[in-house]
Amino acid sequence: MADRPIRQLKDKIRALTNRTSQQNPRDVLIRLNQSMRGWANYWAVVKALGRRDRTV
């Protein structure tokens with residue numbers, strides 16, 4: 001996996017979990033969970049498509 005997508009995910013997490021933020025922790029966790037799930041689902045699809053291309 002390339003460094004750029006991981007760096008982008010880390011940047012997004014840092015932005016969501018800013019220590020000086022006055023956001024409701026529940027809302028932060030919901031957004032964080034959405035981002036992590038989306039990232040994991042994206043890479044699962046990419047990995048599956050890569051496997052499919054190798055078998056054809």
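Residues are numbered from 1 along each chain as its sequence is written. In this predicted model, local features need pLDDT of at least 70 and side-chain atom pairs count only at pLDDT 80 or more, while totals for chains, interfaces and linings use all residues; side-chain values use heavy atoms, with hydrogens and water left out.

Q: What makes the span of helix α1 agree with its number of residues?
A: A helix here is a DSSP run of H or I of at least four residues, and its expected span is 1.5 Å times one less than its number of residues. The 14 residues of α1 (residues 3–16) should therefore span 20 Å, and the end C-alpha atoms are 20 Å apart.

Q: Why is L16 called buried?
A: Buried means under 20% relative accessible area, exposed over 50%, and partly exposed in between (1.4 Å probe, protein chains only). L16 has 14%, so L16 is buried. P5 and L9 of α1 are buried as well.

Q: How do you know that the buried residues of α1 line one face?
A: Judged by the directions from the helix axis to the C-beta atoms, they fall within an arc of 35 degrees, so they line one face. The face turned away carries the exposed residues D3, R4, R14 and A15.

Q: Why is the pair of Y42 and W43 called edge-to-face?
A: Rings of Phe, Tyr and Trp (its six-membered ring) pair if their centres lie within 6.5 Å; planes under 30 degrees apart count as stacked, over 60 as edge-to-face and the rest as tilted. For Y42 and W43 the centres are 5.1 Å apart and the planes are at 85 degrees, so the pair is edge-to-face.

Technical notes:
Helix = DSSP H or I, 4+ residues; strand = E, 2+ residues; numbered from the N terminus.
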